[in-house]
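Biologist: I would like a close look at a single part of this model. Please keep it brisk, and link that part to its surroundings.

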Amino acid sequence: MDEEPPRDDSDAGEEAAEPPQAQMLRRGSQSSIDLAKEAQASQPKRKQGSRVFMSTGGAATRQQMIEYLSLLRWSQATWVSAPYAILLWASVVTIINYRASSIASHEIRRGVIDNLEAIEALPTRGMAPAEVQVGKALGDQQGGSSCSCTCGIFRTELCDTSRPERLHDFQGTMSLGHVAELRAQAAYFQEGVGNVSWSGLKWNNIRNQEDVMLWLQHGLLPVLWNQVGRDTAVDVDKMFDASADSILATRTTPGIFMNWMQIVGGVRLRQRRLQKGECSLDPRLQERFSPSCYTEFLQVSPFGPGIGSYAEGFVPEDVMGAFDVRYSLGTPFREILENFQYMLKEHNWVGEASQSLQIQAAMVHGEATPPFFVMFEVRFDFKRSGYVAKELNIFLTATDMFPTTLEVVLHVLWALILFSLLFTQSFKTMSTYLSTRKKQLFAVDVRFVSDWIVIVFSIFIVGFFILIQQSIWDLAALVQEMPEYSPSASASEMETHERSWTLILDRVDEAAFFFDYFRVALFWYTLVIATQFSKIFAGQPKLAQLMSAFTHASEDLLHFCLLFLVLFLSFAIGGFMIWGMIMEEWSTPGKAVNSTLRALMGEVKLEEMYSYAPFGTLVWYGSFFVSIVVITLNLLVAMVYDHYTIIKGRAGSVAGVVEQLYWVSQDMSARLKGKSLWVKLTCCLRRHERIPMHRDLLEVCMEKAKLPNFERKAISSSVLGAKWTKKERERQLFSGQDVPETDEQMPVLPDFDEVDVDPDYADSLAAHAKEYAEAGYDPEDARVSQLRQLVAAAEDEIIDMRLRLQSCAEYTRQSMHGLTRRVDSLEQLVHSTLAELVTIANEAGVPTGGKARKGAQSPAPTSPGATGVQTALTGLGGSRQESKQEIDMVKKWHKASRAVNVRAARAEPPPNAKFFGPR
């Protein structure tokens with residue numbers, strides 16, 4: 001048989017014979033290759049995200065047309081809503097200007113306050129007679145008093161009969177009422193009060209309850225009744241005229257204030273008192289000082305003369321805890337003074353239990369434009385600390401809500417605008433609710449919310465207006481029905497008269513209260529109406545950026561407000577603790593907050609503060625300036641700027657107002673190209689069949705581009721939506737994210753041909769869209785795009801390098817694996833050969849495991865073959881020293897090797913064979 005070469009079966013069952021470590025290495029290498037291939041496969045999308053949106057060459061794409069049509073569509077919506085918003089805002093502002101009557105109200109209020117503050121308490125006014133006088137009616141019943149007297153210029157002339165022309169004789173009968181008035185005039189001179197210490201007491205000099213009563217008796221009440229001084233001359237002719245109301249030469253009409261304001265009915269003095277209670281003072285101090293203490297609850301029981309019988313002012317009235325004294329204008333002023341002097345002051349009507357005192361009067365100002373109901377209130381609050389808090393309150397309300405025809409026209413115009421807004425928004429809401437497609441694309445935006453807020457607030461304003469108008473009509477009816485004052489009226493009629501004008505006073509107070517809150521509501525209404533300008537701002541890209549920056553920063557602004565509020569209130573309370581007991585501006589927590597706010601604006605009385613608390617002022621103002629002004633406010637600026645930068649970066653370069661007007665005019669000229677003058681003048685009212693609206697063209701482009709619904713909503717909800725979605729898609733493509741497949745980079749003109757758009761207009765629209773895209777070049781966007789292109793190119797090279805390295809690694813792994821198998825086969829072959837050599841040696845009688853004998857010498861080799869055998873035997877452990885016996889043994893080995901059958905199965909090595917290395 002021929003010799004069969006040894007069979008190399010190392011390749012068979014490679015996976016089975018492969019160690020686990022090798023399998024893991026091979027699988028890891030394969031996964032790296034797969035990832036590299038996947039990254040290489042995603043490179044076209046990444047390149048598209050970095051390059052495709054910067055491409056401006058070639059025909060206009062759908063993406064460019066979507067951006068351009070979005071601008072035109074929002075511009076059209078802005079131009080349509082702008083006149084409406086401006087007209088609504090202008091009408092509301094004009095109505096508020098007429099309704100508030102701010103100029104006239106301010107002048108009246110300032111005039112009344114100035115006159116009240118300028119009133120002086122003079123001893124020549126408000127002097128009551130020394131004794132209680134009888135009335136005119138009783139004097140007439142008694143027949144009057146006979147009087148005969150002579151008057152002269154000088155006292156020495158009274159008995160000088162030589163000059164009768166210098167004497168005046170009077171003789172006749174005077175009524176007791178005139179006698180009482182004459183005695184009241186004389187009381188001023190008899191009591192000698194011309195040089196009293198309180199002469200000239202004014203509003204700013206009132207310090208205690210005694211000053212309050214003096215200012216009322218000798219200042220306010222005489223002014224309201226227009227009383228002349230006690231030093232006024234007497235009209236002699238009226239002294240003996242029983243029909244004359246007064247004997248004074250100077251006659252004035254009571255109730256006329258500031259020449260034009262007429263007091264309605266009279267004046268009411270209202271006091272509230274506190275109940276007496278136990279003191280919280282230490283018992284040992286109470287035994288020694290026994291002070292009077294009062295609770296915080298109002299007194300509702302009579303006091304003084306009101307305990308035994310009814311006495312006006314000493315018995316609580318209808319209002320719980322109010323003790324009222326009413327003075328009608330028709331009552332003679334001397335009777336009012338007698339009541340004030342000998343009833344109120346005599347029985348301590350205002351005393352230590354008094355909590356507050358109000359002097360109220362309702363007036364009609366017919367000379368103002370428009371006429372007003374005016375109510376003034378002089379209020380004194382008697383603090384338990386001994387301080388008297390003074391306040392002058394003036395309340396005004398117009399007597400007619402529609403004084404001119406212009407106001408009627410403005411209100412009608414405002415109502416029509418609101419009705420049209422309500423109808424439009426209701427129709428849009430219902431159509432969106434009933435349409436599935438509109439419901440999917442519907443997004444709650446600023447315009448939608450603004451319109452419904454305006455509608456709801458307008459309904460509230462209308463209701464408030466009707467309430468005020470009804471109260472004014474009722475007030476006018478009460479004034480018209482008020483009975484006239486008559487000195488001869490019965491007690492019940494007088495009571496009815498007082499109740500009537502007191503009710504009018506309360507209604508004026510109520511109407512003024514409603515009108516004040518109505519003005520506050522109008523203030524908020526102006527802010528709500530101002531939100532209508534969001535429609536205009538939303539259609540202008542740069543203004544839309546500002547609005548988006550504000551809304552984007554709203555959450556951070558909220559957190560900033562919390563931080564600022566904590567710091568600000570801490571400094572306000574700190575200032576209240578430092579200067580609250582010294583300075584009026586810091587005396588209460590509310591005033592402290594106001595003073596801290598003024599300090600934030602730079603208005604601070606630093607020198608006065610330093611004079612009271614030097615160290616506290618240094619610490620407070622230094623820390624306030626650093627933490628609030630320097631750090632916190634600059635933090636606010638940085639935060640807002642950061643959000644504006646983010647919003648601006650999302651959209652990139654956008655068109656301004658002038659540029660937007662240019663593109664709108666270009667589109668308008670393209671739409672009206674070749675049209676007649678009449679068509680151009682009525683373009684806004686016409687629809688052209690082959691020139692669709694921008695909204696319809698935008699829908700076609702988005703449909704053809706296969707944009708997802710969320711991108712369509714974004715484009716429909718903001719003028720920046722098209723640019724935002726483009727930027728976001730570009731970012732997602734560049735980052736390798738999964739993005740819906742779109743066709744926004746395809747040419748747009750074939751789409752217009754499908755919907756039968758006028759060819760000339762389509763070409764013009766495409767050219768303008770291309771110009772708009774080129775005009776929107778932004779250096780920042782260009783730099784970002786270039787960086788992305790460089791990154792994409794670098795990633796291309798890196799991925800190619802990774803693939804090559806992985807291929808080299810795989811090839812090297814396979815090559816080394818084959819080499820390893822071959823080395824293993826060679827090693828096995830060597831061991832098999834050695835085993836055969838051992839077998840041959842044993843058959844030849846050559847020792848294989850023995851050691852060399854001592855003293856043996858190695859003969860010279862006789863042949864090359866013998867040398868090779870000798871070397872082999874020497875490697876098997878034989879000795880290098882040859883002997884004759886060993887030479888004979890080698891010859892026998894040669895003879896035995898020729899008898900070995902190499903085709904037979906290889907013999908197994910004997911058990912005593914020694915091997916080194918793997919088997």
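Leaving aside its neighbours within four places in sequence, which residues is Ser101 in contact with?

Modeller: First, a caution: this is a predicted model. Now to your residue. Ser101 is in contact with Ile96, Pro370 and Phe372, once its neighbours within four places in sequence are left aside. Ser101 sits in the loop between α3 and α4. Its relative accessible area is 8%. The cut-off for buried is under 20%, so Ser101 counts as buried.

Look at the partners next. Ser101 and Phe372 are 271 residues apart along the chain. Yet their C-alpha atoms are separated by 9.9 Å. Among contacts with a separation of 6 or more, 75% join residues 24 or more positions apart.

Pro370 is another partner of Ser101. It belongs to the loop between β7 and β8. The peptide bond that leads from Thr369 to Pro370 is cis, with omega near 0°. Most residues other than glycine have a negative phi, and most peptide bonds are trans. Two residues depart from the phi part of that rule. Met258 has a positive phi of about 55°, although it is not a glycine. It lies in the loop between β3 and β4. Met258 is partly exposed, at 24% relative accessibility. Lys706 has a positive phi of about 60°, and it is not a glycine either. Its place is the loop between α23 and α24. Lys706 is exposed, with 51% relative accessibility.

Follow α4 first. In soluble globular proteins, nonpolar side chains tend to be buried together.

Leaving aside neighbours within four places in sequence, its contacts include Trp203, Ile206, Val212 and Trp215. Phe380 also touches Gln355, Ser356, Leu357 and Ile359. Val388, Ala389 and Lys390 complete its contacts.

At 0% relative accessibility, Ser75 counts as buried. Beyond four places in sequence, Ser75 is in contact with Gly539, Gln660 and Val664.

Two cavities of 30 Å³ or more are counted. The largest cavity holds about 60 Å³ of space. Rolling a probe the size of a water molecule over the atoms shows where empty space is left. Both α3 and α25 supply at least two residues of the lining of the largest cavity. The largest share, three residues, comes from α3. Residues of the lining include Glu67, Ser70, Leu71, Pro541 and Val654. Val719, Leu720, Ala722, Lys723 and Tyr772 line it as well. The lining divides into seven nonpolar residues, one polar and two charged.

At 10% relative accessibility, Lys723 counts as buried. Not counting residues up to four places away in sequence, Lys723 touches Glu67, Arg650, Ala651, Ser653, Val654 and Tyr772.

The chain has 919 residues, and 40% of them count as buried. Ser101 is buried too, at 8%. The chain holds 30 helices and nine strands.

Technical notes
Residues are numbered from 1 along each chain as its sequence is written. This is a predicted model: local features need pLDDT of at least 70, side-chain atom pairs count only at pLDDT 80 or more; totals for chains, interfaces and linings use all residues. Side-chain values use heavy atoms; hydrogens and water are left out. Contact means heavy atoms within 4.5 Å. On a 1 Å grid over the protein atoms alone, a cavity is a set of points where a 1.4 Å probe fits but cannot get out, and a pocket is an open set with protein on both sides within 12 Å along at least five of seven lines; lining residues have an atom within 4 Å of a point. Grid points are joined across faces, edges and corners, and a volume is the space filled by probe spheres set on the points. Helices (H or I, at least four residues) and strands (E, at least two) are DSSP runs, numbered from the N terminus. Ala, Val, Leu, Ile, Met, Phe, Trp, Tyr, Cys and Pro count as nonpolar, Asp, Glu, Lys and Arg as charged, and the others, Gly among them, as polar. Buried means under 20% relative accessible area, exposed over 50%, partly exposed in between (1.4 Å probe, protein chains only).
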